[in-house]
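Subject: Structure for you to look at

Hello,

Here is the structure I said I would pass on. Please open it first, then read the notes below it.

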Amino acid sequence: MRPAILLASTLFLCLTASSTPAVDKSPRGVSFQSTQDGQLGIQIDGKNFAVLNHGKEWNKPFLFPVHAPNGTNVLRDIVPTREEAGSSKEGKDHFHHKGVWVSVDSVNDDRLNFWSEAARIECEGVEHSAGKNGSGQLTITNNWMEGDKPLLREETTVTIHPSRLLTYHIELSAIDRDVTIYDTKEGFFAVRLAHTMREMEGGHITNADGLKGEKDCWGKPSPWIDYYGEVDGATAGVTLMDHPGNFRESRYHVRSYGLFSISPFGPKKYSNGKEAEAPVTIRPGKKSFTLDYGLYIHDGDTETANVAEAYKQFLTVTGH
């Protein structure tokens, strides 16, 4: 081969190699990784999103941490025990508010209190699988204990979408006797936000009807409430969503100090006595009691994150 042809061939090969895009081998969509006993890591597009903590050392399973797209954790640090909560800088600070969780108090005539962890929710098992369009699915099976005996069986299916929209389908079944949940504001699907996001620290609360702040949003039904604020110099937010197919509208226990929850179980409490109590009884052998909620983790404020559009996605993916 002549030198000029050899040079041209070499140049062509170099140009071809440099113009060929590198293969992106990073995982896409939602994936799972068991990090250690009692923990399941959740990634979105190969980046850490959340961890499910379900080990026997805890009185209930919960998600912590949970990261916004900008990488910040939107949840308050865990306070492991009542004693540590009482000795913390801020005094007693609700040690039972752990990450993202499901629980309630005032169960049966002896008013079992799963909310405060006086009664225990034990995780029996966790399964995970790939879903459609890059989503992932968790199935969490829990036993709500009365002493050392299961009282309620919970099966919660969490579908995690790459947009950081999570849908929770919660099924409760009575095991061998009637279980009644009485009127209470302490429940049911809950989040404890990072301190810097709190309304008392300059954060913002707004609902689907345009109402703003704890004073106007607490205890009222709404398709959704968004709570956003600053974390590590960036704005991030958390939205809770009610589903129109639930047996009744839920109300929001949303506080300026960072507690944020949604529940159908407290019409009298949430209305400050204007409505009557309406206990819910779950009977063994009957169809399980179900609730559906949405959780959306986002960057920016309510408008920037297009929360209203995320709520439409919630309705679409839950078949409503």
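Start with Arg-177, which has a relative accessibility of 35% and therefore counts as partly exposed. The terms work like this: buried means under 20% relative accessible area, exposed means over 50%, and partly exposed is in between, using a 1.4 Å probe and protein chains only.

Before going further, two notes on the source. This is a predicted model, in which local features need pLDDT of at least 70 and side-chain atom pairs count only at pLDDT 80 or more, while totals for chains, interfaces and linings use all residues. Residues are numbered from 1 along each chain as its sequence is written, and side-chain values use heavy atoms, with hydrogens and water left out.

Overall make-up

The protein has five helices and 18 strands. Helices (H or I, at least four residues) and strands (E, at least two) are DSSP runs, numbered from the N terminus. Of the 320 residues, 50% are buried. Among contacts (heavy atoms within 4.5 Å) with a separation of 6 or more, 57% are between residues 24 or more positions apart.

Salt bridges

Side chains of opposite charge can pair when their charged atoms come close. A salt bridge here is a side-chain nitrogen of Lys or Arg within 4 Å of a carboxyl oxygen of Asp or Glu. The structure holds 12 salt bridges.

Arg-177 is in one of them: its partner is Glu-146, and their closest N and O atoms are 2.5 Å apart. Glu-146 lies in strand 7 (residues 136-146) and Arg-177 in the loop between strand 9 (165-174) and strand 10 (179-181), so this pair ties together parts that are 31 residues apart in sequence. Glu-146 is also partly exposed, at 25% relative accessibility.

Another salt bridge joins Glu-214 and Arg-255, at 3.0 Å from N to O. Glu-214 belongs to helix 3 (residues 213-217) and Arg-255 to the loop between strand 15 (251-254) and strand 16 (259-263), so the pair links parts that are 41 residues apart in sequence. With 19% relative accessibility, Glu-214 counts as buried. Salt bridges that share partners also join Lys-60, Lys-98 and Glu-117 into one network.

Arg-198 and Glu-201 form a salt bridge too, with their closest N and O atoms 3.1 Å apart. Arg-198 is buried at 5% relative accessibility, whereas Glu-201 is partly exposed at 46%.

Two residues in loops

Ser-106 sits in the loop between strand 5 (100-104) and strand 6 (121-130). Its relative accessibility is 14%, so Ser-106 counts as buried. The side chain of Ser-106 makes a polar contact with the side chain of Asp-105, at 3.2 Å. A polar contact is a pair of N or O atoms within 3.5 Å; within protein, one must be able to donate a hydrogen and the other to accept it, and residues adjacent in sequence count only if both atoms are side-chain atoms. Not counting residues up to four places away in sequence, Ser-106 touches several residues, including Arg-111, Leu-112 and Tyr-182.

Val-74 is in the loop between strand 4 and helix 2 (82-86). At 0% relative accessibility, Val-74 is buried. Leaving aside neighbours within four places in sequence, its contacts include Val-66, Leu-193, Met-197 and Ile-297. Val-74 and Phe-64 are 10 residues apart in sequence, and their C-alpha atoms are 9.3 Å apart.

Cavities

Rolling a probe the size of a water molecule over the atoms shows where empty space is left. On a 1 Å grid over the protein atoms alone, a cavity is a set of points where a 1.4 Å probe fits but cannot get out, and lining residues have an atom within 4 Å of a point. Grid points are joined across faces, edges and corners, and a volume is the space filled by probe spheres set on the points. There are two cavities of 30 Å³ or more.

The largest cavity has a volume of about 130 Å³. Of its 13 lining residues, the closest to its centre are Pro-61, Trp-101, Val-102, Ile-140 and Tyr-168. Strand 5 gives the most to this lining, with three residues.

The second largest cavity has a volume of about 40 Å³. Its lining includes His-54, Trp-58, Lys-60, Pro-61 and Cys-123.

Regards

Note on methods: 1 Å grid on protein atoms, 1.4 Å probe; cavity = no way out; pocket = protein on both sides within 12 Å on 5 of 7 lines; lining within 4 Å.
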